[in-house]
Amino acid sequence: MVRAVEDAYRALAEGDSDNPRKLSVAHPDGWSVAYAMLGRDGRRRVVAMKTSYKFDPNHDRSTKKYYTTITLYDDATGNPIALMDCSRVGALRTPAVSGLLVRETIRPGATSALLIGTGTQGRNALPHLLAANPQLTRLMVYGTHPEGLEAVGTSLREYAPHLDLEVVEDPRAAAGNADVVLATAGPGTRVAIESSDLAPGSVAVLVGYGLAPSTLADADRVIATSADQMALTGTDMAGPDGILRAVDAELPAVLTRRAPARTRPDERLFVYNSGLVLTDVAVAHALAERAIAEGRGTEVPLWD
């Protein structure tokens, strides 16, 4: 997964792929919102359309419904490849990107990481983080749901049974001992790590919630997967003046060495992980190829 998302970002940086802006439509009363995202992966020779629809009339879990799909087309033959549920794709794509972001921004000699949150993203975070950063040997987690903590531990044991997972009670104190802070908590979290909690030379990665705006405002450098996406979806991280801190470098430029991620070992970096449909395309295609090779899925005769 990490290799797939890295290839997608490199192809975008080198002009081999296209990632246009998403289209959206929402109910006037806020009951629902739908998105459509189109991407072309020039290296994989795949074109894809991702769609998502959220129905949330009462803004609570009892009535909320969410559906997301992705359709892949072979841009070499013109044939459709697969129609897939995109929820699993997103659950793997985002932590893979986080692992890649940390690899590019982590300081030399770093060995420790703190995970905040034990939802879907938290449960998939550590294997992907370690796949890209095997030097991390001290792993900490903060969460408030026992079943979530157990799921994070199970996921880590399956991938790296030689490593222990330390459950911490005070996330702000733990952040001071972490080279990497990975915030994947949901919007209901009460955790808000401040810049003063972070260790010199640390990397704070925002995927969901768990970081206070000061971690962005006071950062020595800011790295994002996309500055445009951060400007759209990161408004809750604006400073007291209502202004969102500018991005110093985007991940595609960092990967191709057109911009540095870090200029000094003691810099504190803020990293914003927002999705690009090209990474969904890459992960979905990798999963589809494996599934088709193993005879999974249902073959249907479309457009004959």
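Author: Contact here means heavy atoms within 4.5 Å. This is a predicted model, where local features need pLDDT of at least 70, side-chain atom pairs count only at pLDDT 80 or more, and totals for chains, interfaces and linings use all residues. Residues are numbered from 1 along each chain as its sequence is written, and side-chain values use heavy atoms, with hydrogens and water left out.

Reader: Okay, which residues of H2 and H3 meet?
Author: From H2 they include Gly90, Ala91, Leu92 and Arg103; on the H3 side, Thr120, Gln121 and Ala132 are among them. Helices are DSSP runs (H or I, at least four residues), and strands are runs of E, at least two, numbered from the N terminus.

Reader: Why are H2 and H3 called oblique to each other?
Author: H2 and H3 (residues 120-132) pack at about 45 degrees, with axes 8 Å apart. Angles under 35 degrees count as roughly parallel, over 145 as roughly antiparallel, 65 to 115 as roughly perpendicular and the rest as oblique. H2 and H3 are therefore oblique.

Reader: What makes S4 and S5 a pair?
Author: Pairing takes at least two DSSP bridges, and five join S4 (residues 65-74) to S5, running antiparallel.

Terms used:
Axes are lines fitted to C-alpha atoms, for helices over the stretch in contact, and angles run from 0 to 180 degrees between N-to-C directions.
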